[in-house]
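Here are my notes on this model, as numbered points. Have the structure open while you read.

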Amino acid sequence: MELDGRVVVVTGGTRGVGAGIARSFLAAGAHVAVCARRPPDAPVSAGGREASYTPVDLRDADAVREFFDTVAAHHGRLDCLVNNAGGTPYRLLGEGAPEHHARVVALNLLAPMTASLAARPWLRRSRGSVVMIGSVSGTRPSPGTAAYGAAKAGLESLARSMAVEWAPEVRVNTLVLGMVRTELSHLHYGDETGIAAVGATVPLGRLAEPSDVGEAAVFLASDRAHYISGAVLLVHGGGERPAFLDAATVNKED
């Protein structure tokens, strides 16, 4: 899966899952450019190599096009775009104004489309790929993050259509993530006891690490996945145990 000489852009690649993805690509030999509105607290690095950072507001289409053109011109190519930037605060649908929810949709659905369109001319030249970072929130009810879940469902649909429209020059795939342990996990799950308790609900017994996501992204960008497009790869540790199994009064283990 060596990606020596390949050029990869990771949006939102300065912290959390995005930084983990960027480090995996650096470790695989790629040149990595990350963008976000805020700079990283420390350079994103792996194996003695660093990702370059550019401040970009992904809602600004002109700025996004300029960023991709600059990266591709500097390196002479672009091989992969990882649309990772996204997220949402906890907000019940009826407690937020429509414009608040619209901003969540814009960040998690429209921004990846904007970035993909800007990257496409360069990806066509290299016969590269796009990796969307989706979420299980797009495939199940997401109380408190309804707009986010709707956007992630749309992102998965967008990727499937892109895979058909942009073939055979550009492959497009989606990683659907479950819970990932990052520096912000305590905001969602509480202290270490809470994080461990949440991890215990996952069949594999823990939350994902950002590197788990990064290794999957590297695979989809590599030549080993050259016939994979329009696919969805679940990176969720086996998913969630159905609640009804715990509520039922039969078939209980002693």
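Predicted model: local features only at pLDDT ≥ 70, side-chain atom pairs only at ≥ 80, totals over all residues.

1. Residues are numbered from 1 along each chain as its sequence is written, and side-chain values use heavy atoms, with hydrogens and water left out.

2. Asp212 pairs with Arg206 in a salt bridge, with the closest N and O atoms 3.0 Å apart (the rule: a side-chain nitrogen of Lys or Arg within 4 Å of a carboxyl oxygen of Asp or Glu). Arg206 is partly exposed too, at 43% relative accessible area. The rule gives a count of ten salt bridges.

3. Have a look at Arg6 and Asp223, another salt bridge, whose closest N and O atoms are 2.9 Å apart. Arg6 sits in the segment before strand 1 (7-11) and Asp223 in the loop between helix 7 (210-221) and strand 9 (232-235), so this pair ties together parts that are 217 residues apart in sequence. Helices (H or I, at least four residues) and strands (E, at least two) are DSSP runs, numbered from the N terminus. Asp223 is exposed, at 52%.

4. Arg181 forms a salt bridge with Glu192, and here the closest N and O atoms are 2.7 Å apart. Arg181 lies in the loop between strand 8 (171-177) and helix 5 (185-189), and Glu192 in helix 6 (residues 192-199), so the parts tied together are eleven residues apart in sequence. Arg181 is partly exposed, with a relative accessible area of 31%.

5. The structure holds one cavity of 30 Å³ or more; on a 1 Å grid over the protein atoms alone, a cavity is a set of points where a 1.4 Å probe fits but cannot get out, and lining residues have an atom within 4 Å of a point. About 40 Å³ of space lies in the largest cavity, the volume being the space filled by probe spheres set on the points.

6. Which residues line the largest cavity? They are Thr88, Pro89, Arg91, His101, Val104, Gly144, Thr145, Ala146, Ala147 and Tyr148. Helix 4 gives the most, with three residues.

Conventions. Buried < 20%, exposed > 50% of the residue type's maximum accessible area, 1.4 Å probe, protein only. 1 Å grid on protein atoms, 1.4 Å probe; cavity = no way out; pocket = protein on both sides within 12 Å on 5 of 7 lines; lining within 4 Å.
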